[in-house]
Each structure stands twice: as structure tokens, then as C-alpha cells.
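Please open the model in the viewer and follow the selections below in order.

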Amino acid sequence: SENFENRSYNRTITSFHCYKKAKSITEHMHLPQSSNNDGVLSMKKIGISRRKTQNFNLPTDRGIPVIMIGAGTGISPYIGFLEHRWLKDRESMYTDPCGSMLLFYGCRHKDRDYLYKDIINIYAEKKLLTQYYVAFSRESSQDLNNTYPRYVQDCLRQQSDKVLHLMFEKSALVYVCGDAQGMAKDVMNTFIDLIKSYKGISKDEASKMILSMMKEKRYRQDIWA
């Protein structure tokens with residue numbers, strides 16, 4: 001189905017990317033229901049708060065490649081990125097081609113908490129999502145060794161040639177969303193190691209390159225403790 005606007009997201013509510021006028025957020029999201037003792041259905045209330053993020057948005061220039069990295073609910077803004085581009089393309093607002101969009105996503109179990117799996121597949125089939133790589137941290141050792149990496153940074157290492165080429169030859173933007181103490185820290189350390197080897201420089205010099213990218217808004221984070 002191509003009716004993305006009316007999909008119901010019941011499992012993950014971290015950010016909302018609404019691209020049409022609506023009277024209320026319930027036009028985009030169906031809340032779970034429960035019944036009281038009389039058998040009457042009632043709506044459950046969910047507390048939602050907005051937090052402004054700095055520069056965690058798509059580049060104005062559609063030709064710039066983007067590398068999207070997240071774990072768990074950190075996938076949510078990237079679904080918004082993809083939907084935004086799909087809607088704009090459908091409205092024929094742009095004729096210039098998009099840069100590559102790579103997604104690196106980590107979760108625990110491939111059958112239990114692989115959020116937005118069907119939507120990710122649809123965007124990949126439409127060639128809007130160039131490629132995606134998924135890691136499952138709690139799958140059996142046999143599955144992990146034979147099929148899947150364990151953590152999202154393992155995916156980055158496996159695709160390091162492609163990632164570094166986009167970063168340094170195509171000026172790609174890197175986005176990291178999720179846990180600050182675990183995933184985001186490990187991803188940054190992985191990038192430092194990869195840049196160290198790619199550039200043939202020291203670890204301190206590679207760290208400075210990441211800091212420089214952050215100042216230039218080429219390495220963007222939306223992370224939480």
C-alpha cells in the first residue's frame with residue numbers, strides 16, 4: 001500500500017513528522033483502546049512532550065548523501081526523513097535526484113522489536129532508501145555469526161568502505177539517534193577507528209576530524225541518556 005499518511009503507529013512514539021494540515025494529531029495516530037466494566041470502549045491518554053532538536057533534519061540540498069544510524073526507537077526520525085522525501089517526490093516538487101540514503105539500524109530481536117520493518121522494506125523497494133543494514137543484539141550466536149551482526153557499529157565496520165567514501169568523497173551527512181551512553185558513544189568510537197585507518201592518522205587526529213564534522217554540522221546527533 002502507498003497510503004503512508006494514514007498508517008497507525010502504536011508501538012513507537014518519539015517524534016511526529018506530519019506533512020499535511022490536520023486538526024489534531026489523532027488524524028495521524030490511533031491510540032490504543034480499552035474497555036471498562038460496562039464494556040464501553042474508552043481512549044487511553046498518552047503523555048507527549050516536544051523537544052526541539054538542533055539541526056537534526058534533512059539537508060536543503062537533496063543531492064547530499066545521508067547516513068542514518070540508530071538503535072531501538074532511534075529509528076523514528078529516519079522514518080520521517082523517508083516519508084518526507086517520498087511525499088515531496090510524489091507531489092513532483094523536485095526533479096533533481098536524491099543523494100544516497102543509507103540506514104544502519106540496531107534492535108534486539110528480528111521477530112519481536114524490529115520496528116517499522118515493513119515500511120523500511122517498502123522504501124527500499126521504491127529505491128528511495130538506497131540500502132539498509134540491521135543488527136540484532138539478542139539473537140542466537142549461530143544466527144549472529146552466520147547472518148547478522150550484533151550491534152549497529154558492527155554494520156558500520158562491515159560497510160566501512162562505502163560509508164567512508166560517502167563521507168569524504170561525497171560530503172555525506174551522518175545522523176546518529178538513540179542512547180547517548182551506549183550506542184552513540186560506541187558509534188563515535190567506531191568512526192574514530194575507521195577514520196584513523198582510512199586516513200592513516202593518529203587516534204587523536206581522527207577524534208579532531210569528528211569534532212570538526214560536528215562543528216560543520218556534518219555529524220549530527222539526537223541522543224538521550
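Begin by selecting helix 1 (residues 76–90) and helix 2 (residues 117–125), whose axes come within 11 Å and cross at roughly 40 degrees. Axes are lines fitted to C-alpha atoms, for helices over the stretch in contact, and angles run from 0 to 180 degrees between N-to-C directions; helices (H or I, at least four residues) and strands (E, at least two) are DSSP runs numbered from the N terminus. The model is predicted: local features need pLDDT of at least 70 and side-chain atom pairs pLDDT 80 or more, while totals for chains, interfaces and linings use all residues. Residues are numbered from 1 along each chain as its sequence is written, and side-chain values use heavy atoms, with hydrogens and water left out.

Next, show the side chains at this crossing. Helix 1 contributes Ile79, Leu82, Glu83 and Trp86, and helix 2 contributes Ile119, Ile120 and Tyr123, contact meaning heavy atoms within 4.5 Å. These residues divide into six nonpolar, no polar and one charged (nonpolar: Ala, Val, Leu, Ile, Met, Phe, Trp, Tyr, Cys and Pro; charged: Asp, Glu, Lys and Arg; polar: the others, Gly among them).

Move to helix 6 (residues 180–199) and helix 7 (residues 203–215), which pack at an angle of about 115 degrees with their axes 8 Å apart. Among the residues in contact are Met188, Phe191 and Ile192 of helix 6 and Ala206, Met209 and Ile210 of helix 7. The residues of this contact comprise eight nonpolar, one polar and four charged.
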